[in-house]
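These are my notebook entries on a structure that I had not looked at before. I went through it topic by topic and wrote down what I looked up.

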Amino acid sequence: MKKELCKPCAIALENRGKTVKAAGGRCEKITCAECGRRRFGYTYEVTGWPHRRKKEDMLT
Ligand SMILES: [Zn+2]
């Protein structure tokens, strides 16, 4: 899913276990999809894991 995010929110999402990849190379004025602020940021491709697997499941 594509999202316009400011850098702190992109990092926060990543810390929450999402994969966040910058989709464009330019820093633009965007409205952040997470914090709702109008600031400079990027368009990111955000992917997560809808089915979180436990370590045990991955071993079997
Ligand atoms: Zn933000």
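I began with Lys3, which is buried, its relative accessible area being 19%. I keep in mind that the model I am reading is a predicted one. The cut-off matters for this residue, because buried means under 20% relative accessible area, and Lys3 stands at 19%. I then looked up where Lys3 sits in the chain, and found it in strand S1, which covers residues 2-6.

Next I asked myself which residues Lys3 is in contact with, once its neighbours within four places in sequence are left aside. I noted Ala33, Glu34, Tyr42, Thr43, Tyr44 and Val46 as these partners. With one of them, Glu34, the side chain of Lys3 makes a polar contact of 3.1 Å. The two residues also form a salt bridge, in which the closest N and O atoms are 3.1 Å apart. Since Lys3 belongs to strand S1 and Glu34 to the loop between S3 and S4, this pair ties together parts that are 31 residues apart in sequence. For Glu34 I wrote down a relative accessibility of 33%, so this residue counts as partly exposed.

**Entry: the other salt bridges**

I then searched for further pairs of this kind, with a general point in mind: side chains of opposite charge can pair when their charged atoms come close. How many salt bridges does the count come to? I recorded three salt bridges, and I took the remaining pairs in turn.

Lys2 pairs with Glu45, and the closest N and O atoms of this salt bridge are 3.7 Å apart. The pair links distant parts of the chain, with Lys2 in strand S1 and Glu45 in strand S4, 43 residues apart. I looked up both accessibilities: Lys2 counts as exposed at 55%, whereas Glu45 is partly exposed, with a relative accessible area of 27%.

The side chains of Arg26 and Glu28 also meet in a salt bridge, for which I noted 3.3 Å from N to O. Here Arg26 is exposed at 60% relative accessibility, while Glu28, with a relative accessible area of 29%, is partly exposed.

**Entry: the aromatic pair**

A search of the whole structure gave me one aromatic pair. It is formed by Tyr42 and Tyr44, whose ring centres are 6.0 Å apart and whose planes stand at 75 degrees, so the pair is edge-to-face. Both tyrosines were already on my list of contacts of Lys3. Tyr42 is partly exposed, at 23% relative accessibility, whereas Tyr44 is buried, at 6%.

**Entry: the chain as a whole**

Last, I stepped back to the whole chain, whose secondary structure comes to two helices and four strands. Read along the sequence, these follow the pattern β-α-β-β-β-α. The chain has 60 residues, of which 22% count as buried. I also looked at contacts between residues at least 6 apart in sequence, and 57% of these join residues at least 24 apart.

As one example of residues apart in sequence I noted Thr19 and Gly48, which are separated by 29 residues in sequence and by 5.8 Å in space, C-alpha to C-alpha. Thr19 lies in strand S2, residues 19-22, and at 29% relative accessibility this threonine counts as partly exposed.

Notes
Residues numbered from 1 in each chain as written. Predicted model: local features only at pLDDT ≥ 70, side-chain atom pairs only at ≥ 80, totals over all residues. Heavy atoms only, no water. Buried < 20%, exposed > 50% of the residue type's maximum accessible area, 1.4 Å probe, protein only. Polar contact = N/O pair within 3.5 Å; in protein donor to acceptor, adjacent residues only side chain to side chain. Contact = heavy atoms within 4.5 Å. Phe/Tyr/Trp six-rings, centres within 6.5 Å; stacked < 30°, edge-to-face > 60°. Salt bridge = Lys/Arg side-chain N within 4 Å of Asp/Glu carboxyl O.
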